[in-house]
Amino acid sequence: MKKTLIAFWFLVSVFAFGLPEMYHASETARVLNILKIPARYEQIRTFHRAIDTVPGSYAPGGWYHRERWGHDTNSLAKLLSSDSSGLSVSQKRVAWAIHILQDSKTKAGVPYESVVEARKILSREFFKPTTIRAVRYIGLLSIFDFIYQVALLDVDPITALKRTFTGFVISTGSTIVVNFLVSRILPYIYSQSGEFLSFLPPGFVGPIIYIVVDITLRAIATGSFREALFSPQTLLNACIITLFFVPGGQYIVPAAMALSWIYNWIRDSEMKAKYELFDEVLHKEYYERLLSQVEMSVR
């Protein structure tokens, strides 16, 4: 009976008064964390409550509150300028966009113009930070790449600089294109489905594209994709990307190195054992043949 009442009041709150701000706040907090612009949960709840509370009212929700306040683009401008939740403008935009797209999937719905504007906001707010971080990460990898070429491969500094700059330009351009396409697609998918798709860690697509471009350029230069893929330079880039950009990379890299050392040690031990066995058999056959020749000569 208790569960039935809870379900009943939840459905009433959804269809009559709008979605609870906790439902909006939890999703907003998750997306803001992914975009690396986190905010305190209570600040986010306060902002969502302001969206659902018609000015002059003391409680959020109410019949037709979406048509009166908070869910149209004019209300967005007022919320950005007058809200006292303590959120930044960027955080408010993301929160409003998520609120609108979540409400658009309910029976009462929201104005279509608001849905379009929400998609545009999420597109912009995804594109800006992810592209900036991606270019920063690509620059860091380019510096490591230049040092590696000059210090370990004895490449002429001018030649190494040209190679590094070429890789940087191609990787940056490709990353911008990919981020732009993703920023356009994800908000649309979110507004159609029940759950918001998680982004890759902001900027992480940059290192991925960089290492792909680097392998491709070296494969073209050497004429061997296999050689480029399994080269020490690729391994170094993979270690740097894992170490700096993958959550828990500081544990993954040492663990991978330890496993690699153990694998090489076992392989070397097996090869040594096989060599010793082969050497023993070879010597045994050699001595037997030598003894046979001696016996034949004596006869």
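Which side chains meet in a salt bridge at 3.7 Å, N to O, with R124 as one of the partners? The partner of R124 is E117, where a salt bridge means a side-chain nitrogen of Lys or Arg within 4 Å of a carboxyl oxygen of Asp or Glu. This is a predicted model, in which local features need pLDDT of at least 70 and side-chain atom pairs count only at pLDDT 80 or more, while totals for chains, interfaces and linings use all residues. Residues are numbered from 1 along each chain as its sequence is written, and side-chain values use heavy atoms, with hydrogens and water left out.

By this rule the count comes to four salt bridges. R124 is partly exposed at a relative accessible area of 39%, and E117 is partly exposed at 21%; here buried means under 20% relative accessible area, exposed over 50%, and partly exposed in between (1.4 Å probe, protein chains only). Another of the bridges joins E125 to K128, also at 3.7 Å from N to O, and these two residues lie three apart in helix 7, about one turn of the helix. E125 counts as buried at 6% relative accessibility, whereas K128, at 45%, counts as partly exposed. In the bridge between R218 and D214, the closest N and O atoms are 2.8 Å apart, and both R218 and D214 count as buried.

Two loop residues deserve a separate look. Most residues other than glycine have a negative phi. K36, in the loop between helix 2 and helix 3, has a positive phi of about 65 degrees although it is not a glycine, and D154, in the loop between helix 7 and helix 8, has a positive phi of about 55 degrees. K36 is partly exposed at 49% relative accessibility, while D154, at 67%, is exposed.

Note on methods: Helices (H or I, at least four residues) and strands (E, at least two) are DSSP runs, numbered from the N terminus.
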